[in-house]
Amino acid sequence: KLLSRPRKLRKLSPSQSQTNPQTQTSSPTQTQTRPLSYPNEINLALTHLRTSDPTLTPLLTSHQPPSFDAFQPPFLALTKSILYQQLAYKAGTSIYSRFVSLCGGSDNVLPSTVLSLSPSNLRQIGVSARKSSYLHDLAKKYMNGILSDKIILSLDDKSLFTMLTMVNGIGSWSVHMFMIFSLHRPDVLPVNDLQVRKGVQLLYGLDELPRPSQMEQLCERWRPYRRCLGRSRNIRSNSSDSSCSSNGSIICSSRSLLILLMGS
């Protein structure tokens, strides 16, 4: 009888261990939904990164924490992302400003307004026919209820990536930049981005450029704050300088760079 008791305990312990991981995994999910602009979240991120990867400590201590752009409605931010694609910053800013004026101001950049603009209207302010079709496809998905600002803000990173890449003209890079700079999501790592890969190569002194699959492994310790070492939208670097700054604090070299804690 005494021997049967430990056996009963052994049968119970696996079921208990199965429930514990479920409890443990729910906590990181809740943490990751908080943007880095949330009060004190950036301090939590810095503490985590210093603890999980001491290699980052010199970088983190030598740069100021970031500031963050004011919140923009997701639809407005996505139209901006489309208009800036494959353009120099100055050219993109000029076309985007004309687009907002054509809509009647930023508050009127709405799906219905965008759909009311013909390709000819958009061509007159410098928007290509292809980008016009992208803008209209985004607006149609909003009007059909497939997307909305509320839906976008409520989705986790994986689901958001799936939904946004359904829009014509919005690929993985655009989604990652939107999640980083517009939504301030904390755990976004563009593993296919060449400059980010070069930055990781520089950080760890690797002989070869890490592959995307290797990036996941190398940066696993940074979770759930991998966005803190991501990519800047507008990089201006001098090959002779050991450090420079653009849209946040970055470390540069003639052949690679690591972007650190971008906010704006």
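Select R226 to begin: at 7% relative accessibility this residue counts as buried, where buried means under 20% relative accessible area, exposed over 50% and partly exposed in between, using a 1.4 Å probe and protein chains only. The model is predicted, so local features need pLDDT of at least 70 and side-chain atom pairs count only at pLDDT 80 or more, while totals for chains, interfaces and linings use all residues. Residues are numbered from 1 along each chain as its sequence is written, and side-chain values use heavy atoms, with hydrogens and water left out.

R226 lies in the loop between α13 (212-218) and β1 (243-245) and E216 in helix α13, so the pair ties together parts that are 10 residues apart in sequence; helices (H or I, at least four residues) and strands (E, at least two) are DSSP runs numbered from the N terminus.

Next select R223, which forms a salt bridge with E216, the closest N and O atoms being 3.9 Å apart. Extending the selection to D187 and E220 shows a network of salt bridges that links D187, E216, E220, R223 and R226.

Being 4 residues apart in α8, K141 and D137 are separated by about one helical turn. K141 is buried, with a relative accessible area of 13%.

Definitions and conventions. A salt bridge is a side-chain nitrogen of Lys or Arg within 4 Å of a carboxyl oxygen of Asp or Glu.
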